[in-house]
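Have the structure open as you read.

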Amino acid sequence: MEVSDKVKMAAFLWLEGLGEACCLHRVVLLCMRSNNLLMRTGQCFLLNGFIFLGSIFVLNSVVIPALWWILPGQCSQFVSHELCDLGGTLKFYSFLRLALIQLCYVLWFYPLYVFSIVLSTIWYNDIAKYGYAAMGRSKLTVEKGSRQNNSPSIQDAHHVKGPSGLGGVMIGIGQQVYSILLLSVFFLEVYATGFIPYIGKLINFFLLSWMYAYYCFEYKWNFNEVALDKRLDYFESYWPFFAGFGSPCVLAIFFFSPLVSYGIMAILFPLFVLTATGSESEQEISFEKHKWRAAGVERLPIFYVADKVSLWMLSLLPLEKGDQVQDRKEQ
């Protein structure tokens, strides 16, 4: 396949991912089917939109202007010019104003930020669970593949039947530990690219798009019991689709301050989780490797650095535990 054809295919997959992310009507349909989903989504909007972003709006629109009025920064704003004649008055007002603003952050915004992260993480899992149940597909991909192909190989391609008992539990824990470590290292990689001159912002945009897309689809893959190594291989094989899917969320937060960006992301993220749950585009492509390559897009090792660093960190663990975690690549 020529380079131009590969570029066209990558652009097509990117647009398809972007289109899937913008199918927000699925959120309305799913919420209409599940009262629990509607309640959780509403709670997420209330906490992160009304309370968190509302508090930032009140601070910037009411509190800070009031402090500037009470503690002016220019002599012309003083009622009595005698105060301005006193040395250090403007400096004291500036220090007091800054201290009061920082006090608002320390006593309100930062605790609310931590509380929102913890509670929203729990709610995101509930939203994904209720959305998955509202789809009415308890075995979303397996049953579809079985009906179309009448072959058990499709189920084998999606699911990994690990050892039962304690061995299976340890392998499952090992996969979870590796997954958390991998995504943590990848997050640090995303953060570090923002400091690269000139092209850092562009690289940061694409890495953030992939990170949010992976998080959105991870819930459904967990419910479908897709093995971790197959998720990563599949994700890296169809990187244009997932880059397009994560782009709207990144565009919405890319040009705001960190706190405002978090509040916007915390509102939008459950919506994209639900659109990912209701998406069937990525299901139309089998998890079988020989079909991945038929799409005409070369695999992009997005998680290469994070994978190497994670395995190196795991190698520092005691041998027995490290081997158990390493088994996730062999499953």
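## A helical span from the record

Over residues 99-124 the chain is 100% helix and 0% strand, with its end C-alpha atoms 35 Å apart. Helices here are DSSP runs of H or I with at least four residues, strands are runs of E with at least two, and both are numbered from the N terminus. An unreviewed UniProt entry lists residues 99-124 as "transmembrane region", along with 44-71, 169-192 and 262-279; such annotations may be inferred rather than shown by experiment. Residues 44-71 are 96% helix and 0% strand, and their end C-alpha atoms lie 37 Å apart.

This is a predicted model, in which local features need pLDDT of at least 70 and side-chain atom pairs pLDDT 80 or more, while totals for chains, interfaces and linings use all residues. Residues are numbered from 1 along each chain as its sequence is written, and side-chain values use heavy atoms, without hydrogens and water.

## How α3 packs

How do α3 and α5 cross? The axes of α3 (residues 35-70) and α5 (residues 89-134) come within 9 Å and cross at roughly 170°, so the two helices are roughly antiparallel (angles over 145 degrees). Their contact has 24 nonpolar, 8 polar and 3 charged residues, with Gly counted as polar and Asp, Glu, Lys and Arg as charged.

Helix α12 (residues 258-278) also comes within 9 Å of α3, axis to axis, with a crossing at roughly 165°. α3 and α12 are therefore roughly antiparallel.

Technical notes. Axes fitted to C-alpha atoms, helices over the stretch in contact; angles between N-to-C directions. Parallel < 35°, antiparallel > 145°, perpendicular 65-115°, else oblique.
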